[in-house]
Amino acid sequence: MLIFILPDAIAVSRKAADLAADLVRRKPSAVLGLAAGATPLAMYGELTRRHRDGEIDLSNVTAFGLDEYLTLGADHPASCAHTLRRHFIEPLGLPPARFHLFDGLFQGDMAAYCTEYEARIAQAGGLDLQILGLGVNGHIGFNEPGCSLQGRTHPVCLRRTTLATNLRTVFAPLGEQVPTTAVSMGVATILAARRVLMLATGGSKADAVAWALEGPLTAMVPASALQLHPDAIWLLDEAAAGRLALKADYMAESATLAAVLAL
Ligand code: F6R
């Protein structure tokens, strides 16, 4: 676990883009797992700009969406697919076949659909880098408090905390109700990624960050499962790091280890 505490959200996005770009330079055909939500959008913007300016070449990456609201199609402005298309896939101008996104309108054998999604990830060689945001209740993907820490891709019911947050931030401005169900890579799918990059910014995430990093490993805080990951990197701004007891230690440690590991 490596925890970087950076001055602000812009610095978090730049550092995240640096780490992703380093990976793609080492492995041009890297397989990425992509969270939607607001937090990683500036990172995606930075990566697509660097691609456009010829600083990195993302032409050979493959990517998988992390989750999706059920009942929302890819054209719905609040769907994860729409967010990823608009902020990452379309600006890169790459063939859609390289991008695997959940179909929020899928109807049929959901268990088989989820198994097939896992098989596609395996066929691609597994995830090299999973990019995550953090729910205020500690969720990762749509793995909500009380989920299985060994779960694979599965349908989920969203908790009331998530429904309330997403209503306020996303759906109320559109004049719509929040979907109550979703499909998400499971915690075990996320833990199987070779590296996990968690981005958390803003004071609203400070409690969840402290629970996940300094509290016990518990299904009540799904992000605490990242304690089990051998290569999880947390990128926090000052506000999100505000409740960490060992904040000063993490700052010293990340400065030392980043130099040793060339991160
Ligand atoms: C979205 C996702 C969610 C978000 C989380 C934080 O694909 O998987 O776990 O990452 O809810 O959302 P923001 O970044 O909007 O605060």
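Here are some questions and answers on ring pairs, salt bridges and pockets in this structure.

Q: What kind of model is this, and how are residues numbered?
A: It's a predicted model, where local features need pLDDT of at least 70, side-chain atom pairs count only at pLDDT 80 or more, and totals for chains, interfaces and linings use all residues. Residues are numbered from 1 along each chain as its sequence is written, and side-chain values use heavy atoms, with hydrogens and water left out.

Q: Why is the Tyr69 and Phe171 pair called what it is?
A: The ring centres of Tyr69 and Phe171 are 5.3 Å apart and the planes sit at 90°, so this one is edge-to-face. Tyr69 is in strand S4 (residues 67-69) and Phe171 in helix H5 (residues 160-174), so the pair ties together parts 102 residues apart in sequence. Helices (H or I, at least four residues) and strands (E, at least two) are DSSP runs, numbered from the N terminus.

Q: Are Tyr69 and Phe171 buried or exposed, and how do you know?
A: Buried means under 20% relative accessible area, exposed over 50%, and partly exposed in between (1.4 Å probe, protein chains only). Tyr69 has 5%, so it is buried, and Phe171, at 0%, counts as buried too.

Q: What makes Phe102 and Tyr117 a stacked pair?
A: Phe102 and Tyr117 are 3.8 Å centre to centre with 20° between the planes, which is stacked. Phe102 is buried at 4%, and Tyr117 is buried at 0%. Ring pairs also link Phe64, Phe102, Phe106, Tyr113 and Tyr117 into a cluster.

Q: What separates Arg49 and Glu46 along helix H2?
A: About one helical turn, because Arg49 and Glu46 are three residues apart in helix H2. Their side chains meet in a salt bridge at 2.9 Å, N to O.

Q: What makes a space a pocket, and what volume does the largest pocket have?
A: On a 1 Å grid over the protein atoms alone, a pocket is an open set of points where a 1.4 Å probe fits, with protein on both sides within 12 Å along at least five of seven lines; lining residues have an atom within 4 Å of a point. The largest pocket has a volume of about 870 Å³, the space filled by probe spheres set on the points, which are joined across faces, edges and corners. It is lined by 35 residues, with Ala36, Gly37, Ala38, Asn166 and Val170 nearest its centre. H5 gives the most to that lining, with seven residues.

Key. Rings of Phe, Tyr and Trp (its six-membered ring) pair if their centres lie within 6.5 Å; planes under 30 degrees apart count as stacked, over 60 as edge-to-face and the rest as tilted. A salt bridge is a side-chain nitrogen of Lys or Arg within 4 Å of a carboxyl oxygen of Asp or Glu.
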